[in-house]
Each structure stands twice: as structure tokens, then as C-alpha cells.
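Please look over the sequence and the 3D structure before reading on.

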Amino acid sequence: MMPADNHTFFAPVTYILTGIPGTEESQVWISIPFLLMYVVTLFGNSLLLFIILTEQSLHEPMYLFVSMLAAADLLLSTTTVPKMLAVFWFRAGEISFAACLTQMFFIHVSFIAESAILLAMAFDRYVAICDPLRYTIILTKPVIGKMGLAVVTRSFCFIFPLIFLVKQLKFCRTNLLPNTYCDYMAIARLACDDITVNVWYGVAMAILVIGLDAVLIALSYGLILRAVFLLPSKDARLKALRTCGSHLCVILMFYIPSFFSYFAYRFGHIIPGYILNLLANLYVLIPPMLNPIVYGVTTKEILKWVINVFHQWCRRSSLVS
């Protein structure tokens, strides 16, 4: 801890990530499921990217958006989990101010990028079901490339101001961060300045980015459901709903924890701090781990590729033995 009185300010050189307060004795045990989830995340998303990039038949809009989501998941988990495990295993919580800001930047960039990718995927499903004859005309590869560029640009534009807002703050209390990774509001709360601007920028970003994306996704799925239930054939309705099922699962896994986490922090005096921290850690682990599993199990083409490769591997193993 850096001792300071109310009139002494310091420029933080390093922060100390303390892990999950209240769980110090069990952090090694907590790290085991975290490590397993991280391994599954790395393997699942890397495999998903490899399948989509190498299989020519999967170079379609929906799968290209899935590959973008996998890349964002890899960025989010790789930015947070290695340091998280270092804190749990070796008490290696020290992180430089520059590294802390960099981690914060990429965490929030990947989060906003995922929200935008889910919106793009909702638009893809809307066009595929509500205007199928123009699907290949509207969602061409150049258009998808521009959408991907827009996702990255929007994420960077919204998150860059956070860096400047944090760097303008004056610190005089402590350099202990009660978390396993550098979060924007966790850093801002250590400042002795008035952080009203920081808080309202966070609220505005939540409403204009995450909130607006969620509303547009809900609107697109409302139109999709209306179109589906107007289809004359029951088989056609079931097929259309099946194509949206995996995407709806991923949307729910992303938005429900994010809204819960947002409101939990706003009413943090009701929920114990260690539970909030644990939820914040699980939030950067569970969706990136489950997304490739959901798409792998529910997408026929991806599942078929995995089964074929597994059969070939088993055949080679039997021949060798």
C-alpha cells in the first residue's frame, strides 16, 4: 500500500491485484476450474477459427461472424486469465500502470466488439429469414469485411477516451486493486478526484453501446419470429427457428451476465464484494468457453467436420497399433 494523506497525490507506477477478497485461503482451489475453463476456451475457439478458415464451404456470412466472435473471445480470455492465474498461484499481483491500462483497454474493446458482432449476426439471421432471396446480394464478402472494420473502429473509438479519463485522475489513497484484472471503474474508484465524469461516461457507454445493441437485437428477433410464424409449413418454421437457436443461446449468455453485473455493481452494498468479484471473473471465462461449444454442437456443418476428423484420427490410430 502507498501511504498518503488527503493532500498528497502520487502518479501510480504499479498496481497490486489482490485477487478475490475474502477467498485468500481457497484461491489455489478456485484457480483449478478457472484453468480448465481457459484451456477449453483456447482449444474450442482456436479449433472453431481453424475449421472456418480452412473449410471453403464455411466461408459464408454466418460462419465469418462466428469466426469474429471466436477471435474476440480469445482476446478477452487471453487478456485476463494468465494474469488471473498468476495472482492465484504465485501472488504475482503487481502490474505496471501502463500494463494495467493496456489490459483494461483490451478487455473493454473485446466486450464492445462482441456486442457489435452479436448485432451483426442478428442482422444476418434477419436477412436470411425475412429476405432470403436478397441474402447473397446484401451480405457479400466486401460488406462483411466493412462490418468487421466498423466493429473494430467503434470499439476503439468508445474505449480510447477511457484511457485519457483515467490518466487525468489524481491518486492519493492506495494502489491495491481488489480484483484479478484491471477494470475501468475499479481503477477510477481509487482516485481522490471527483469521478462523476468517469461514472457518467461509463453509464452513457452502457446505454448507447450495449443497451442500444440489445434493443436492436431484440427488434430484429421480433421481426424474425413474426416472419417465422407466418410460414405455412411447420417444418419450415422449425428449420428457421433451429438456425436461430445457437445464436439466441450465445446472446443470452452474453447479455444476461453483463446486465446482472452492471446492476450488481450499482447496488453493490446489497451483494457481498467477494461474490461480485467472483461473478466478474466468471463473466470473462464462461461465455468465451461456451460459445464454441454451442456453435460446435448446434451447427451441423461444424459438427460434421469435427466428427470426420475424429473418425480419421481413430482410423489412423488403429492402423498404427
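**A walk through the model**

Helix α9 (residues 273–283) contributes the most to the nonpolar patch, giving three residues. Helices here (H or I, at least four residues) and strands (E, at least two) are DSSP runs, numbered from the N terminus. The model is a predicted one, in which local features need pLDDT of at least 70 and side-chain atom pairs count only at pLDDT 80 or more, while totals for chains, interfaces and linings use all residues. Residues are numbered from 1 along each chain as its sequence is written, and side-chain values use heavy atoms, with hydrogens and water left out.

The patch itself is made by Phe260, Tyr274, Ile275 and Leu279, and has an area of about 350 Å². Patches consist of residues with over 30% relative accessible area and no salt bridge; like charges are joined within 9 Å, and nonpolar side chains (Val, Leu, Ile, Met, Phe, Trp, Tyr) within 5 Å. Accessible areas come from the Shrake-Rupley method with a 1.4 Å probe, and for residues only the protein chains shown count as cover. Ile275 belongs to helix α9. Because its relative accessible area is 32%, Ile275 is classed as partly exposed. On this scale, buried means under 20% relative accessible area, exposed over 50%, and partly exposed in between (1.4 Å probe, protein chains only).

Rolling a probe the size of a water molecule over the atoms shows where empty space is left. The search runs on a 1 Å grid over the protein atoms alone: a cavity is a set of points where a 1.4 Å probe fits but cannot get out, whereas a pocket is an open set with protein on both sides within 12 Å along at least five of seven lines, and lining residues have an atom within 4 Å of a point. The second largest pocket has a volume of about 620 Å³. Met62, Tyr63, Lys239, Thr243 and Glu301 are the closest to its centre, out of the 20 residues that line it. Grid points are joined across faces, edges and corners, and a volume is the space filled by probe spheres set on the points.

Which helix supplies the largest share of the lining of the second largest pocket? It is α8, with five residues. At least two lining residues come from each of α2 (61–90), α3 (97–130), α8 (234–266), α10 (286–298) and α11 (300–320). By type, the lining has nine nonpolar, five polar and six charged residues. Here Ala, Val, Leu, Ile, Met, Phe, Trp, Tyr, Cys and Pro count as nonpolar, Asp, Glu, Lys and Arg as charged, and the others, Gly among them, as polar.

Side chains of opposite charge can pair when their charged atoms come close. A salt bridge is a side-chain nitrogen of Lys or Arg within 4 Å of a carboxyl oxygen of Asp or Glu. The whole structure holds three salt bridges. One joins the side chains of Asp124 and Arg125 (2.8 Å, N to O), and both residues are buried. Another links Arg134 with Asp131, their closest N and O atoms lying 3.4 Å apart. Arg134 is partly exposed, at 45% relative accessibility, and Asp131 is partly exposed with a relative accessible area of 24%.

Arg154 and Asp213 also meet in a salt bridge (2.7 Å, N to O). Arg154 lies in helix α5 (residues 141–167) and Asp213 in helix α7 (residues 196–229), so this pair ties together parts that are 59 residues apart in sequence. Asp213 counts as buried, at 1% relative accessibility.

Helix α7 also contains Gly202. With a relative accessible area of 15%, Gly202 is buried. Last, Arg91 sits in the loop between α2 and β2 (94–96). Arg91 has a positive phi of about 55°, although it is not a glycine. At 52% relative accessibility, Arg91 counts as exposed.
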